[in-house]
Amino acid sequence: MSCVEFIIPSFKVTMTANKVLILLVMLAAATHAHENKCDATQNTSLCSVSPGGSVYIQVMTNASGHQVLCKKQLPLGPINVFILKREKLTIQYEPFRDRTEFFINNGTFKISNMERNDSGHYIIEAFDPDGVLVRNVKVHLDVQESTI
């Protein structure tokens, strides 16, 4: 069995190839530990995520050619979070400006660096190219500290 050497200032680490592979798998898992997937294709969904993590909310299997509108329910009424129109995403809610993406090819909305005040009720509507409502999804996001 071959060995791999890592030289870190002030000491040297020698590991077998199997141990290196196990370490790499563990590191890869740790980088995705704060990512949550939420299937909202069934019209209603509850998603829990830790602060600082990311959430992927799948609204439909493919949003190509669709117009998608996401609203967050606030105490004074709903506010537009984003709109996807003609394959272009426009973030309309400032707190999400640099933390959101929408993947058209699989109909998934991503929010990164979750904050406690991101918790709440969201409504996501999708319209076909003729303007007919084809999806009306309600999602409740719960951002809270992990109990682990």
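Student: Is Asn113 buried, partly exposed or exposed in this predicted model?

Tutor: Happy to work through that one. Asn113 has a relative accessible area of 46%. Buried means under 20% and exposed means over 50%, with partly exposed in between, so the class for Asn113 is partly exposed.

Student: Where does Asn113 lie?

Tutor: Look at the two strands β10 (108-111) and β11 (120-127). Asn113 lies between them, in the loop.

Student: Which residues does Asn113 touch, leaving out those up to four places away in sequence?

Tutor: Contact here means heavy atoms within 4.5 Å. With the residues up to four places away in sequence left out, Asn113 touches Gly52, Gly53, Ser54, Arg99 and Asp118.

Student: What separates the C-alpha atoms of Asn113 and Glu35?

Tutor: Along the chain, Asn113 and Glu35 are 78 residues apart.

Student: Now for the cysteines. Which residue does a disulfide join to Cys38?

Tutor: Good one to check by distance. A pair of cysteine sulfur atoms counts as a disulfide within 2.5 Å. The S to S value for the joined pair is 1.6 Å, and the partner of Cys38 is Cys47.

Student: Is Cys47 buried or exposed?

Tutor: The cut-off for buried is under 20% relative accessible area. Cys47 has 4% relative accessibility, so Cys47 counts as buried.

Definitions and conventions. Residues are numbered from 1 along each chain as its sequence is written. This is a predicted model: local features need pLDDT of at least 70, side-chain atom pairs count only at pLDDT 80 or more; totals for chains, interfaces and linings use all residues. Side-chain values use heavy atoms; hydrogens and water are left out. Buried means under 20% relative accessible area, exposed over 50%, partly exposed in between (1.4 Å probe, protein chains only). Helices (H or I, at least four residues) and strands (E, at least two) are DSSP runs, numbered from the N terminus.
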